[in-house]
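Morning, everyone. Please take a look at the fold on the screen, and I'll walk you through it.

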Amino acid sequence: MNNVVQAPAPLRAHRPTLTLPSPPVTVDDLHTTTQGNARVEILDGLCVARPWPTPLRARVTDRLRGLLSEAATSGAQVFTGLQVELSPRCLVVPDVAVVAVGDPQRRRIAETPFAVLEVADTSTRRYDRTLKLDLYREFRIPVCWLVDPDAATIEAFELVGSGYVPAGVVRGDEELTVTRPFPVTVTPAALIDPPED
């Protein structure tokens with residue numbers, strides 16, 4: 001007689017339930033719907049549900065927030081998870097946002113940030129580099145960084161006229177030193193390296 005042991009079914013990861021209105025969606029529409037703990041952005045009236053960050057992306061985002069918070073001049077605050085209302089039909093959640101000093105408990109702003117930083121992974125890389133970068137340029141956000149932990153790169157852009165120009169591109173142990181939104185130096189490797197035990 002053969003004893004067959006059946007492995008237990010794998011547990012499903014918790015996935016938030018979304019109830020969203022039909023497009024075009026406004027920021028006000030979004031705040032009257034059930035989102036659970038989903039990360040939702042609105043781009044020109046279309047809802048985009050963003051994935052939760054991978055452990056690497058979360059570590060890099062947290063280290064960037066800490067580094068920028070230490071370097072921030074008076075008048076600037078650094079946030080993660082802050083909703084930025086660019087227009088009644090555009091709401092984005094940059095991975096890191098540098099904004100004017102205000103209520104430290106706020107979760108949403110309507111004013112233009114000093115800088116936004118996006119930390120990419122395989123599911124967000126194209127979205128950050130195309131749609132969001134274009135929106136940031138259109139709404140005249142002065143500084144945008146694209147950080148790619150898998151490639152160990154940081155690309156910094158500054159708004160000049162009506163477009164972004166590169167302010168620096170670094171890889172691995174190379175240092176990026178910028179003056180906007182305030183002076184700071186960062187190395188991709190220092191953001192990516194595993195935490196020390």
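**Core, helix, sheet**

Start at Leu64. Leaving out residues up to four places away in sequence, Leu64 touches Val96, Leu117, Val119, Trp145, Val147 and Leu191. Contact here is heavy atoms within 4.5 Å.

A word on the source. This is a predicted model, where local features need pLDDT of at least 70, side-chain atom pairs count only at pLDDT 80 or more, and totals for chains, interfaces and linings use all residues. Residues are numbered from 1 along each chain as its sequence is written, and side-chain values use heavy atoms, with hydrogens and water left out.

Now the cores. The largest nonpolar core has 24 residues, and Leu64, Leu68, Trp145, Val147, Ile154 and Leu176 touch the most other members. A second, separate core of 21 residues includes Leu43, Cys90, Val99 and Leu159. By core I mean buried Ala, Val, Leu, Ile, Met, Phe, Trp, Tyr and Cys residues joined through side-chain atoms within 4.5 Å. Buried is under 20% relative accessible area, exposed is over 50%, and partly exposed is in between, with a 1.4 Å probe and protein chains only.

Which residues of α2 are buried? They are Arg57, Val60, Thr61, Leu64 and Leu68. These cover an arc of only 100° around the axis, which puts them on the same side of α2. That arc is taken from the directions from the helix axis to the C-beta atoms. The face turned away from the buried side carries exposed Pro55 and Glu70. Helices (H or I, at least four residues) and strands (E, at least two) are DSSP runs, numbered from the N terminus.

On to the sheet. It is open, with 6 strands in the order β3-β6-β8-β9-β10-β11 and mixed pairing. β3 (76–79) and β11 (163–171) are at the edges with a single partner strand each, so one side of each has no neighbour in the sheet. Strands pair if DSSP finds at least two bridges between them.

Take the β3 end. β3 and β6 run antiparallel, joined by 4 bridges. Phe79 has Ala97 of β6 as its bridge partner. β6 is mostly covered, with 4 of its 5 residues buried. β6 then pairs with β8, also antiparallel, over 3 bridges. There, Val98 partners Ala115 of β8.

At the other end, β10 (residues 153–160) and β11 pair antiparallel over 8 bridges. Thr153 has Arg171 of β11 as its bridge partner.
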